[in-house]
2 protein chains.
Amino acid sequence: MPYDKKLNQFQIAQTNKYNVFRCLVREGPINRAAIAKRLDISIPTVMVIVEDLFEKKVIRSVGKGEFGVGKQPEILAIEPDCFFYVGVDIGRGTLRIVVNNTTGSEVASMKEPTGDPFPEKEFISHVKKLMLRFVKKLKIGPERILGAGFAMPGLIEKGTGKVIVAPDFGWKDIPLQDWLQAGIPYPVLVKNSTQALAVNESSVFWTDEVHTTLCVNLGYGIGAAIITGEDLYEGTGGISGELGHCVVDREGPLCKCGNTGCLEAVSSGEAIARQAQTIIAHHARSKIAEFCGANAAGIDAKMVFDAAKAGDGPALKIINSAAENIGVGLSMAVNLLDPDRVLLCGGLMRNGPAFLDRIQASMEEHLAVKTGRLVLQAGTKDEYSTAKGASRVLMNTLWARRTLPI
Amino acid sequence: MPYDKKLNQFQIAQTNKYNVFRCLVREGPINRAAIAKRLDISIPTVMVIVEDLFEKKVIRSVGKGEFGVGKQPEILAIEPDCFFYVGVDIGRGTLRIVVNNTTGSEVASMKEPTGDPFPEKEFISHVKKLMLRFVKKLKIGPERILGAGFAMPGLIEKGTGKVIVAPDFGWKDIPLQDWLQAGIPYPVLVKNSTQALAVNESSVFWTDEVHTTLCVNLGYGIGAAIITGEDLYEGTGGISGELGHCVVDREGPLCKCGNTGCLEAVSSGEAIARQAQTIIAHHARSKIAEFCGANAAGIDAKMVFDAAKAGDGPALKIINSAAENIGVGLSMAVNLLDPDRVLLCGGLMRNGPAFLDRIQASMEEHLAVKTGRLVLQAGTKDEYSTAKGASRVLMNTLWARRTLPI
C-alpha cells in the first residue's frame, strides 16, 4: 500500500480549481457560497477560482438567487460549449463520430460507410480526415477540443493503444494510437470497442445502488467488459472480457481463435448466419430460403431472427440454441464476477424480447447461486453508444488527472 | 466520481501518525530525518509523532547511525510485539489458528481437529473458546490484539460476514460474524476461505510487476479469488470466484449446485475420489483397489494420485481428465480477467508437478490470446496460508482506515 501523498501548494490549488469546475458541471447552476460549502473550502478561495474561470470564459452568470431579503448571490453556470470531446467508433464497414460538449451533451454526430481496411495506414489516414473535416464543419477550433477517443474492435494494448490483433479487420500489430495522434492537434486515445460501449452503457443505467456491471456485446462477434463502480476493469494488458472465447460446447465447431466450441463460434451473428447457410445449402425447408432469395451466401443473422419470429422451425432451432449457449457463457461470467447488473447490447439485441428471455432462462438455470438481486436487461440500442463511450473514456482519463487544461 | 476530500487538521495529524508508523513497519530501522524525507513532511512533525509512539511503547531505539563525523542520528525501529492479529481458518474437520505481530511475522500457530459442525451455535462457541484459550496461553492481553479474521468455506455476505450457504458444513443463513463477535473483546471479521487464501498467497508472491493475480483453490471443492493490485476483488455481494461452478462439460455429472458438468463436479478432490470409487465398485483392475484395501468408500483423491504416479491406467485417466477440465476452466477465467499470474493452491497441488504441467497444457490450448506474459505456478503449499490470509484481511481492513488504534 503506498503512502498517502502529501500535496504541495500548487497541487492543492490545481485540485481546488478542478473541484470547483467539476462542482459547476455536476451541480450547477450554483452560487459561490454553495460551492464552498459543498467542497468544504473557504469562500475567498472559491471567489479567486471563479474569477479565473470567468476570465477564461469557462463559466457565466445566470442571474441572482431569490433567498429572503438583502443582497442576492450571483448564480454561476458552466459555459456548456467551452470545451468539446470527440468520440469515434471505428466499426466494421461504418465509421461513427460524436462530438460532446463540456457537460457531456451531444453536439453533433455522423456516420459514413468505410471501405476495405487496407492498406492499414491509408485507412487510418482516411478515418482521421473524416473526423477532422467533421469537426471543422462544426466550426470548433482545435484549441477548444480536449481530445478524441477512438473505439476499435480487437485486442488493444493498454497504455499504448496498439492493435495487437483485430480479426474483423485482418489487422495485426498496428500502432493505431500513434498513427492517429500524428496530425491530430489534441490528445488521442484508443480503446477496445466493447470496453468503450460498456463505459457508455453503464453510465446511462448508472445508479448509486449498482456496484458491478457486466456489459456484453452480442453482434457479429461476442465480447464483454466489466465496470466496477464507475471504473473499467481492464485486466493486466487491457485484453480482458473475452467472453466470446469461453468454451461452452466442447464438441462444438472450430472457432477463429483455433479452439473448438467457443461462445462466439456458436452464438455470434456470424455463427447464426453460418448455421443457416449450412442448412439452406442442404436444401432444408425453411423460410430463411425465401428471405435470402436462394442466395445462401447472402444470409445474415437478421434473416434468421425474422424467420424464427415467423415460426420457422429450423430458424427457431438456431436462435434458441444460440440463446442457450449465451446463457451458459453468462452464467460463468456471473459465477466468477458476481455483478449486480448484466447489460446485453449489440446488433443481436435488436430482434425483439424473446431472445433476451431465452438467454435469461438459460443463464439462471446454470448459475451457482441465485441471489435474486442480479438484473439482466437490454442496453440502450443506441447505434452511437460505442462512439459516445470512446469520448467518455477520454473524458474520464483527463478528469482522473485532477487538473484542468486551462 | 466523488470530489477529493479536503482533510481537516485532526485528520491530517491522524494520517501523518499512520504514515510514520507504516514507514517504520515497512522501512525501519530508520532515523527521524529519513522518515521526514520519505514522507515529505517536516522533521519537527516527525519528532512529535515519534515522541508519542515512544510513550506508547510502539517503537524503540536501536542505536546510533554511522554517517561521517559529528552527532549521529538515533535509529528507530518498530516494537514488533506491540500489537497482534489473529487469523483463524475454520476448515473442514480442522481448525487452524495463527497469531501475527505488528510487522506481520508469525508468533505462533496451532491446529486442532473439530467434530461435526452441529449444532452451529455450539460449534462456533467451541471455535471461539479454542482461539481465546490459545491467545491466553501466549500471554497476550486482549488490549494488544487489534482483531481476529476468520476464514470460512462457503458464500459469505459482504459487510455482514453472514454465511449464506456453506455446503461442506451443511450450514445456511448463519450470522457467523455476529456470533463470533459476541464474547470476543476485539474486532472480528469473516471472509470466504479462498479469498483469505488468495490474499496471503498473492502477498507472498507479490512484486511490483504483478498487476492481477487469480488464485485457485483446488481441494475437496474448487474456488477462486481475484486480487487486483493489492486489493481483493469481491464482486457485488462478496460471492465472486465461483470458478468451481463454471460448466466445463455439458454432458458431465450432476453437481451439488443442481447443474451438470460444473468444474467442481469433474475435477475436485471429491470428484476424483468419487470417480475412483465408481470404477473400483465395478471391479476394474487398478492399484487404487490395493491402496484402499478393497474399501471403496475409503478412497480419497490422494490414493488416486498415488496410483497414477505408480503408472496405474485407470488412475491416470481420472487425474488427466481432471487436469484437462481444470485447464478449460482456467482458460475461461483468464479470457475474462486477463491476469498476469495464476496461483494454484489447495490439497490437490500437493501431488507433484505432473498435475500442474497437465493443467498448464490444457489451459494454454484453450486460451483465446496467448500473450506470453501469463505465469501459471503452484502456490506456497503452506497449510496455514488460509489462516494467515484471514489475519492479513483483517490487518488490511484496519490499515485502510488510515488511523492507528492508539
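This note sets out numbered points on the predicted model of chains A and B.

1. Overall form of chain A. Chain A of this predicted model contains 13 helices and 16 strands. Its C-alpha atoms fill a box of roughly 85 × 50 × 45 Å, taken along the principal axes. Of the 406 residues of chain A, 47% count as buried. Among contacts in chain A with a separation of 6 or more, 60% are accounted for by residues 24 or more positions apart.

2. Division into domains. Chain A is divided into domain 1 (9–78), domain 2 (82–199 + 385–400) and domain 3 (206–378). Between domain 2 of chain A and domain 3 of chain A, the C-alpha centres lie 26 Å apart.

3. Contact between domains 2 and 3 of chain A. Domain 2 of chain A contributes 14 residues to this contact, and domain 3 of chain A contributes 16 residues. On the side of domain 2 that touches domain 3, the elements giving two or more residues are β8 (155–156) and α6 (193–204) of chain A. Of these, α6(A) gives the most, with five residues. By residue class, the domain 2 side divides into six nonpolar, four polar and four charged.

4. Relation of the two chains. Chain A is superposed on chain B by a rotation of 180° with 0.0 Å of shift along its axis, and the RMSD is 0.1 Å. The two copies are thus related as by a two-fold rotation axis.

5. The interface between chains A and B. The contact takes 44 residues from chain A and 44 residues from chain B. On the chain A side, the elements that give two or more residues are α1 (9–27) and α11 (313–337) of chain A. The element that gives the most to that side is α11(A), with six residues. The residues of the chain A side divide into 19 nonpolar, 14 polar and eleven charged. Since 100% of the interface residues of chain A are also interface residues in chain B, the copies meet through the same surface.

6. Helix α4 of chain B. Helix α4 (residues 120–137) of chain B has 18 residues. From its first C-alpha to its last it reaches 26 Å, close to the 26 Å expected at 1.5 Å a residue. After α4(B) comes B:K139, whose phi is positive, near 60°.

7. Which residues of α4(B) are buried? They are B:I124, B:V127, B:K128, B:M131, B:F134 and B:V135. Seen down the axis of α4(B), these buried residues fall within an arc of 130°, so they line one face of the helix. An α-helix has 3.6 residues a turn, so residues three or four places apart point the same way. On the other side of α4(B), the exposed residues are B:E122, B:K129, B:R133, B:K136 and B:K137. The cover over the buried residues of α4(B) includes β4 (84–90), β5 (94–101), β6 (106–113), β7 (145–152) and α5 (176–181) of chain B.

8. Position of A:F54. Residue A:F54 is found in helix α3 (residues 43–55) of chain A. The C-alpha atoms of A:F54 and A:E79 are separated by 9.7 Å, and the two residues are 25 residues apart along the chain.

Definitions and conventions: Residues are numbered from 1 along each chain as its sequence is written. Chains are lettered from A and ligands numbered from 1 in the order in which they are written. This is a predicted model: local features need pLDDT of at least 70, side-chain atom pairs count only at pLDDT 80 or more; totals for chains, interfaces and linings use all residues. Helices (H or I, at least four residues) and strands (E, at least two) are DSSP runs, numbered from the N terminus. The expected span of a helix is 1.5 Å times one less than its number of residues. A residue is buried if 20 or more other C-beta atoms lie within 10 Å of its own, exposed if 12 or fewer, and partly exposed in between; C-beta atoms are placed from the backbone. The arc is that of the directions from the helix axis to the C-beta atoms. Two residues are in contact if their C-beta atoms, placed from the backbone, lie within 7 Å. Ala, Val, Leu, Ile, Met, Phe, Trp, Tyr, Cys and Pro count as nonpolar, Asp, Glu, Lys and Arg as charged, and the others, Gly among them, as polar. Copies are superposed by least squares on the C-alpha atoms of residues with pLDDT of at least 70 in both. Domain bounds come from an automatic or database domain assignment.
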